Amino acid sequence: MKHYTILGIETSCDEVAASVYQTEKKVISHKMYSQTEQHKKFGGVVPEIASRIHIVKINGIVQDALDAAQCTLSDIDCIAVTSKPGLPGSLLIGTSFAKALAGSMRKKIIAVDHLEGHAFSACIENDIPFPFLCMTASGGHTSLYKITDYGVIETLGTTLDDAAGEAFDKVAKMLKLGYPGGPIIEKLAKEVDFKDFFNYPRNKTTNLMFSFSGLKTAVLYDLVKQNAYHLKEKTLITDDYSLKQKVASSFLHCVADIFVDKIKKALNQDDYKGVAFVGGVACNAYIRLKIKELADQRGLPFFVPSPLYCTDNAAMIAFVGHYKAQQNKFDSLDFEIL
Ligand code: KG4
Ligand code: ZN
């Protein structure tokens, strides 16, 4: 294996992150600035605000990552940067910054797909045998992948509408719980011991495709039925905490069942040597437990990244950059964002 020191940069949404990854030492540093506070009052990410904050923060975060790794730009062999998919304005900040650095310092550059980053994020801390089944669930994406080698990904299923994390965020918004919704819903659900109070509909799709918008509508209609939600004014008209707990636990139960059902179907269709669960939603301890139980039943090892590598981060981008560098897959400075 060739020796490389990679600087990873991630700015696809509302996080600006940088990480230094080295062949022998793996992740040496990892720095991130999250804009959650600035977007909270809008109940979701505002693209224009995200890119403006990226401009202000990116230089400092990259410098912090270099400092924490006790290196300078001259020690870096290659810059790996997220080029797709994401908010165009946000992607432009990261890629323009990376291109300017690479051009002026004569560094190699690698454009990385954010989803490939998530898909391999469980490999940062684990040696996962190929092929493995990877469930990716974040605020923008929900996909099942068959991963047969570094960079070799087959998409088995994606969502037909909302992403899983987006459903958490929308249900939390409906319940006036705040943003991001996933951790708040998880906390509330835990308080009532995960009982299935409302029987929300499970995924009706028979293949490996996901759908979460029907579930979101079912939650809404149930709230309306309880006289807790004003449909026309789109506002919650109750402060009943126990109702919120019941909705949260029923919703979480339902999402976990949907994941387990699809993963079961995928495992029945092919041979795998492991199961991984990645992306922001993989921070959820209950869903993790349910997928682990399934993997255990099948005698398969289960892998989930540390929470730090579940949500958007630059270590996963540097990790992909590192194996692409090993494969000699570099890009020219004129690559485009998508
Ligand atoms: O991977 P990520 O940081 O960003 C995207 O690439 O989208 O994922 C963020 C998503 C949000 O929708 C958030 O609500 C969800 O991950 N999330 C969770 C939990 N923590 C974060 N969902 C369920 N349970 C959690 N504990
Ligand atoms: Zn992501």
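Trainee: At the start of H8, which backbone nitrogen does a side-chain oxygen of Asp240 reach?

Mentor: Some conventions come first: the model is predicted, local features need pLDDT of at least 70, side-chain atom pairs count only at pLDDT 80 or more, and totals for chains, interfaces and linings use all residues. Residues are numbered from 1 along each chain as its sequence is written, chains are lettered from A and ligands numbered from 1 in the order in which they are written, and side-chain values use heavy atoms, without hydrogens and water. Helices are DSSP runs (H or I, at least four residues), numbered from the N terminus. At the start of H8, the Asp240 oxygen comes within 3.0 Å of the backbone nitrogen of Ser242.

Trainee: Which residues come nearest to ligand 1?

Mentor: A residue counts as near if one of its heavy atoms lies within 4 Å. Of the 20 residues around ligand 1, the nearest are Gly139, Asp169, Glu186, Asn284 and Asp312. A polar side-chain atom of Glu186 is 2.8 Å from a nitrogen atom of ligand 1.

Trainee: Which helix gives the most to the shell around ligand 1?

Mentor: Helix H6 does, with four residues.

Technical notes: A polar contact is a pair of N or O atoms within 3.5 Å; within protein, one must be able to donate a hydrogen and the other to accept it, and residues adjacent in sequence count only if both atoms are side-chain atoms. Helices (H or I, at least four residues) and strands (E, at least two) are DSSP runs, numbered from the N terminus.
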